[in-house]
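My entries are below, in the order I made them.

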Amino acid sequence: MNWITNYMRPRINSIFSRREMPENLWTKCDECGSMLFHREMSQNLNVCTNCGHHMNISPRARFQALFDGGTFTEVAVPAPKPDPLHFRDQKRYPDRLKAAQKSTGEKEAMLVATGEIGRTPIVAAAQDFSFMAGSMGMYVGNAIIAAAEQAVKLKRPLILFSAAGGARMQEGILSLMQMPRTTVAIQMLKEAGLPYIVVLTHPTTGGVTASYAMLGDVQIAEPNALICFAGPRVIEQTIREKLPEGFQRAEYLLDHGMLDRVTPRPQMREELITITRMLLGLPPVIAGDLPAPTLEEAEPQGAEATAKRAADAKAAPAPEATTKK
């Protein structure tokens, strides 16, 4: 019975045994609990196809969906002095930075790039909430200044995607100083007559909301994004009252005049193209390029073609008579 033990049993086990499934194939929606296939979710820009909940998306993935053909050029950002206060809590500040860089694959909490959307050249900057909660430190301040200087140099509008928990406490007063620095950078754009568009994503809070995130010529938000200075829980504990339903969410702020639009992420690119070209005084974007007409397509058809041929024949000189010798 060796053939049963050595051949048949392994064969049967291989057919009916449970195959291991990779852990990264499915993602659970935080809002409705639906299991989403990773490819379907990435195609929908990390928006739940069941309930429309907007999950976090990295700046690089956002730019690949935003720019024409997913092509963009990164803008170099000056690196600040590392750990200027020698801050330490449960971990040293440099160790936290290294852990965040390893988990996200990015250098810091903001990415700046140039490219085209709908053939309109722009400069874009996006915060990465997965990098230490997108906190605003000296690097983020340098990134916004670099983005504004690049926009003024190239005479392009600046589009900024905010996502932050506020200022970075590991840099203390130096992080708070980024609020006036970034405000001055935005003023450079206004003096140059260049549009500044802000897209507020979930969450945008603290000193970020109190500075560059609310200074846009046009304020757009993603659905149900939390936008505030102090969070609802802190306010409830301070005033000892229950806040209204949806307080400090994007739809609530839109109803109370603090936002111009609330646009779902899959529609954001077309919205930004339309608004950018309108602010620049450009005509509406061409939806698609038509191929050059062929010779047959260029020739008129029907009654128009008959009339044209008759007119050509009438205008043509009469052929010379030939005599046969």
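**Ground rules**

I am working with a predicted model, where local features need pLDDT of at least 70, side-chain atom pairs count only at pLDDT 80 or more, and totals for chains, interfaces and linings use all residues. Residues are numbered from 1 along each chain as its sequence is written, and side-chain values use heavy atoms, with hydrogens and water left out.

**Confidence**

I checked pLDDT, the predictor's confidence in each residue, from 0 to 100. The protein averages 87, and 81% of the residues score at least 70. Over residues 321-325 the pLDDT is below 50. I looked for contacts (heavy atoms within 4.5 Å) made by that stretch. Beyond near neighbours in sequence, residues 321-325 have zero contacts in the model.

**The sheet**

I took helices (H or I, at least four residues) and strands (E, at least two) as DSSP runs, numbered from the N terminus. I counted two strands as paired if DSSP finds at least two bridges between them. In what order do the strands of the open sheet run? I read β3-β4-β5-β6-β7-β8-β9, seven strands with mixed pairing. β3 (73-74) and β9 (261-262) stand at the edges. Each has a single partner strand, so one side of each is left without a neighbour in the sheet.

Next I went through the pairs.

- β4 (residues 110-117) and β5 run antiparallel, joined by eight bridges. Val112 stands opposite Ala125 in β5.
- The hairpin of β4 and β5 has two residues between the strands, and Gly118 takes a positive phi near 60° there.
- β5 and β6 pair in the parallel sense over four bridges. Val123 has Leu158 in β6 as its bridge partner.
- β6 and β7 run parallel, with six bridges. Leu160 has Val198 in β7 as its bridge partner.
- β7 and β8 (residues 218-221) run parallel, with four bridges. Val198 stands opposite Gln219 in β8, and Val199 has Ile220 as its bridge partner there.

β5, helix α5 (residues 138-154) and β6 make a right-handed β-α-β unit. Right-handed here means that, with the strands pointing away from the viewer, the path from the first strand over the helix to the second runs clockwise.

**Burial**

I used relative accessible area: buried is under 20%, exposed over 50%, partly exposed in between (1.4 Å probe, protein chains only). Seven of the eight residues of β5 (residues 120-127) are buried, so this strand is largely enclosed by the rest of the structure. β7 is mostly covered too, with eight of its nine residues buried.

Which residues of helix α3 (residues 59-66) are buried? I found Pro59, Arg62, Phe63 and Leu66. Seen down the axis of α3, they fall within an arc of 95°, so they line one face of the helix. The arc is that of the directions from the helix axis to the C-beta atoms. These buried residues pack against β4, β5, β6, β7 (196-204) and α11 (268-279).

Arg168 sits in the loop between β6 (158-164) and α6 (173-176). Is Arg168 buried or exposed? It is buried, with a relative accessible area of 1%. Glu108 is in the loop between α4 (93-104) and β4. Glu108 also counts as buried, at 11% relative accessibility.

I then looked for a polar contact, meaning a pair of N or O atoms within 3.5 Å; within protein, one must be able to donate a hydrogen and the other to accept it, and residues adjacent in sequence count only if both atoms are side-chain atoms. The side chains of Arg168 and Glu108 make one at 2.8 Å.

I listed neighbours, not counting residues up to four places away in sequence. Glu108 touches Leu97, Phe131, Tyr139 and Arg168.

**Pro266**

Pro266 is found in the loop between β9 and α11. Pro266 is partly exposed, with a relative accessible area of 43%. Pro266 touches Asn44, Leu45, Val47 and His54, not counting residues up to four places away in sequence. I also checked Pro266 against Ala65: they are 201 residues apart in sequence and 9.0 Å apart in space, C-alpha to C-alpha.
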